[in-house]
Amino acid sequence: MAHTLTDEQRANFARDGWLVLRGALSEAEVASLQVWAAQVADWAFIDGPGLHHFEETDGGTRLARSEDLVPHHPGLRRFICDDAVIAWVGALLDEPAVLYKEKINFKQPGGAGFAPHQDATAYRFVDHHISVMVPVDPSTVDNGCLAFAHGHDRGILPNERGRIAPSVAETLDWRDVEVAPGDVVLFDSYAPHKSGTNRSSASRRALYLTYNALSAGDHRARYYADKEAEFASEGGSFDGERARISVNDDFLGKHAERPRRAPRKPLSDLLDRYKGERALQLYDEEVTELAHGLQCAALARREGASDAAIAAALLHDVGHLLIGDLFPIEQKLEKDWKHEEVGARYLSRWFGPEVTEPVRLHVAAKRYLVAVDPAYFAGLTPSSVRSLEVQGGPMSDAERAAFEALPGFEDAVAVRRWDDTGKVRDLQVPDFDHWEPLLRSLARA
Ligand SMILES: [Fe+2]
Ligand SMILES: [Fe+2]
């Protein structure tokens, strides 16, 4: 679709305070959005980037919102900052637009809606914004679509912490706006709107992108710095009860901490990662990621290790595959994403601590081994000695004692020894399929 709007569309927006563009995005764009939304949801559970908020629903704790995404996701950044969406907003503002903030609301089954409000009460630094709602799933009355009312030209309506006073809200003429993937809704930050609970059995995901006029300045970095500091000090809730996911007190969901375990996925999500391209990338100069894991598993089997220890050996670097798949490449170099933590959290979808803990501890186990085993230290390569210093050097006596008290520490040390050995070019070992029954038998039903 063209990057410009017609005079009629601009006039409708000026009259109503919102504008729906039907079929504005291509099928390919919609397909990308669906993949990206799933990637962002995974970030929430494997210590990836972004700011993530949870809510308590009748079905349990659910991801409600993820935000602060564009610095970490080139595809989303292109879609949000460089393509048609920002151009449409610019057409309505009569000047170039800049991104103010971006989020994905997941509204999973049972996920709460929003009380009647105007965004203008929540957005600091600039007094006028335009937001764009981009549905990832169909958005219907049943699953809590947006409803708008006229009144964007009446300034800030009487409200309490952003919620429009009920006596005023009930006088407004609310219109449900049902949309499908490919449609786009643009709305003014003074347009009164609300949404309902998702009463369906599927998620109602949507991007909400907020922009302001270039002449009003670029405030995105400051907005997120403020928000992160504020949420950290208040624990992400209002009065410890209602989930606080926006600056306004308009979200109707119940507060929830991040769940300790990520939501289930089929085991094929894990198995496919080892059959994909990423697993064939090089682990070091000698072997691929896949070959490295397979050699570690073979070493574990040869030493008579338990099934759980074999699985930990096979999967200990799954974090490398995830970081490669889910996190943008350029981010990998800037920050240590702690592949051991990412991997352990991911594996907790299927496996208990007997598998996840050795994975989580396999990096720390190096500092342990250096402290307790002079022969181990003598065997390190020069580059491994250098990285040891960055990692904190040998463990102190107190660190050692604490490490030995952790569940799974012995298997973690064993995994580390196999890790250091399983790097032989062209070694013949059982292939990945060989271990599939073992993984299936260990995976929680
Ligand atoms: Fe590793
Ligand atoms: Fe490794």
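Helix H8, which spans residues 289-302, packs against helix H9, residues 307-315, at an angle of about 160°. The axes of H8 and H9 lie 7 Å apart. This is a predicted model, so keep that in mind as you look around. Because angles over 145 degrees count as roughly antiparallel, H8 and H9 are roughly antiparallel to each other. The crossing of these two helices is right-handed.

Which residues of H8 and H9 make the contact? On the H8 side you will find Gly 293, Cys 296, Ala 297, Leu 299, Ala 300 and Arg 301. H9 brings Ala 309, Ile 310, Ala 313, Leu 314 and Leu 315. Sorted by class, this contact holds nine nonpolar residues, one polar residue and one charged residue.

Now follow H9 to another partner. Helix H18, residues 409-421, packs with H9 at an angle of about 45°, and their axes are 10 Å apart. That angle makes H9 oblique to H18. H9 passes H18 in a right-handed crossing. Here Ala 309, Ala 312 and Ala 313 of H9 meet Asp 411, Ala 414, Val 415 and Trp 418 of H18. By class, the contact has six nonpolar residues, no polar ones and one charged residue.

| Helix pair | Angle | Axes apart |
|---|---|---|
| H8 and H9 | about 160° | 7 Å |
| H9 and H18 | about 45° | 10 Å |

Technical notes
Residues numbered from 1 in each chain as written. Chains lettered and ligands numbered in written order. Predicted model: local features only at pLDDT ≥ 70, side-chain atom pairs only at ≥ 80, totals over all residues. Axes fitted to C-alpha atoms, helices over the stretch in contact; angles between N-to-C directions. Helix = DSSP H or I, 4+ residues; strand = E, 2+ residues; numbered from the N terminus. Parallel < 35°, antiparallel > 145°, perpendicular 65-115°, else oblique. Left-handed = near helix turned anticlockwise from the far one by under 90°. Contact = placed C-beta atoms within 7 Å. Nonpolar A, V, L, I, M, F, W, Y, C, P; charged D, E, K, R; others polar.
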